[in-house]
Amino acid sequence: MNITLEIFAVILLITIGITYWAARRTATTSDFYAADSGLTAAQNGFALAGDWASAAAFLGFSGLTALYGMDGAFYALGPLVAFCTVLLLIAEPMRNTGKYTLGDIVRTRMQTRTSLLAVIAGTVVVNFAYLMPQMAGAGVLVRLLTGISYDWAVIFVGISMIVYVAFGGMLATTWVQIVKAVFMMTAGAIILAMILSMVKFNPLLLFQEAESKYTASYLLPGNYLKNPFDQISLGLGYVLGLAGLPHVMTRFYTVPDARTARRSVVWVMFIAGAFFACTTVFGLAAANFVGQDAIRAADKGGNLALPLLAQYLGGGKGSFGGDLMLGFVAAVAVATILAVVSALTLSTSSAIAHDFYVNCLKGGHVDGKREVWVARVASVAIGLLAIALGILAQGVNVAVLVILAICVAASANFPVLVLSLFWRRFNTGGVIGGMTLGLVSSVALAMIGPAMRGADAWWPLVNPTIVSLPLGFLGCVLGTLLAGRDFDNEKRFDAFLFRVHTGEEPK
Amino acid sequence: VFQSATSLEAAHASIRVLVGEKLRYLVPMTIIFMTCYVGLTVLAAFAKDFVGAKIVGSVNLGFVLIAFNYVLSWGLAIAYGLIAQNKFDPLATRAAASRDAESVK
């Protein structure tokens, strides 16, 4: 599979060139954390697509559809609907109120260190829960596609992300995401065109053939998610969890104002949404052309359905076209992981350097040059930790962490964020109550559920969001009421609201 | 900058107008997409036969509703973009201007 390596080498050279270019333009804190807020709506829209479409989306959705029919299509729809929540409720207030991190918003609102610490905890837990499975996935994927060993694959991915982030900051991370999104869309468009020409531009034929090959039950829901409450939990987790994912939300700081933030969401909804819709077509085509048995034989979870489909469309195994298509899709898959892990590393290092070191420990009194230096060191440390965790995760079931990341984001980060922006009486006690109850219930329920304990689970749901999300909100309300009224904070709320809606200081 | 209580009050009043206007559009829009999406997951979870009813050829109601949710999300995105530009942005600009005018006095 030399051709994969060759195509990937080209992508790698492009990203290193970008990092070199970005490093020379990254000096201030605003450069490092937010690419100096200088991106256009289209640029940020593509970067958001590159950030949000992880390998789970690029490879996973097609694979799930190929193996389980409609449940895969459900999986693909959620990430688009999630951006409705972000567009209507979060993107503009976020851009108007904060500067570099999720913690900025709560700190501006509450002006207490304890509330900031709670948000840092939420950020770090979500990011690491997201980062670890990505590293483990990278190890498996790179090994499968190129033949190098798992450990070396993890080390290679880890070092690349450290280089992008530590040297090029947000500017390099952004352009790595944009390049990846363009490659992903190109691959998607080529595959879609080839599928459509094979079915004579009648997609209905795909459904018909799938039905005759795998019976009508293949096109029904419930083949993958057996417990109906899991289905609802998954939906809720997606729709409200995205707004609590720090590595995606900090992308809104890279544009100059709320209007651009809004337009960038519309961009990502059209480009990423179109790609997600295509994964359903790809999945059906893979089931029809490649066959479920061949897909399962290559990878039990179906993650290689799209590369195998590309190989088939290019002319099959051994043909030049087949190898080229397979190599292209595989290289894009690796680039996808690089773009996502870089964003996670950057967002975690911002939380450590900006939220914890500067605003918690030093009360905001740190020279910009020193802050950037601390952030760079933090990103190297986080990257090395991620490599170590990735190597340790080999063979361990990390599926539970994927669920945990989105569940904690929806159950702890989202309630705290949304109530900080919109509830006058919300106070530091509420931040701590919501973060604690949301985080602890998510982790506890995920750990005793089937994702971790298999058949002898003490709790029936794989995804606990349906319970932990209401608990997170309950924690916010109880904490607020128990802490008593904070009249200074309530008085400041008018001024805060002015900022949330206009983006300007109320003098 | 010195600012009298009345000018702060004016700025906050203009923000209340903006928040009211936002609620008037955002609440129904949020209810619409949440109902359509969560409703679909509930249907898929508890009304399999209904979702499996054939609509066109082998395509069942579930896939049609999934496609509808895509179109709805894109439609809402465009509608929100237009409403924000035509209704919210001018009010936000006015609120910022009222603050500036008041604090100059």
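Asn44(A) touches Leu39(A), Arg251(A), Phe252(A), Thr254(A), Val255(A) and Ser264(A), leaving aside residues up to four places away in sequence; contact means heavy atoms within 4.5 Å. This is a predicted model: local features need pLDDT of at least 70, side-chain atom pairs count only at pLDDT 80 or more, and totals for chains, interfaces and linings use all residues. Residues are numbered from 1 along each chain as its sequence is written, chains are lettered from A and ligands numbered from 1 in the order in which they are written, and side-chain values use heavy atoms, with hydrogens and water left out.

Asn44(A) sits in helix H3 of chain A. Helices are DSSP runs (H or I, at least four residues), numbered from the N terminus. Asn44(A) counts as buried because its relative accessibility is 0%; buried means under 20% relative accessible area, with a 1.4 Å probe and protein chains only. Its C-alpha atom lies 9.8 Å from that of Tyr253(A), 209 residues apart along the chain.

Now the helix pair. H3 (residues 41-52) packs against H12 (residues 258-289), both of chain A, at about 45 degrees, with axes 7 Å apart. Axes are lines fitted to C-alpha atoms over the stretch in contact, and angles run from 0 to 180 degrees between N-to-C directions. Asn44(A), Trp52(A), Ser264(A) and Phe276(A) are among the contact residues.

Terms used. Helices (H or I, at least four residues) and strands (E, at least two) are DSSP runs, numbered from the N terminus. Buried means under 20% relative accessible area, exposed over 50%, partly exposed in between (1.4 Å probe, protein chains only).
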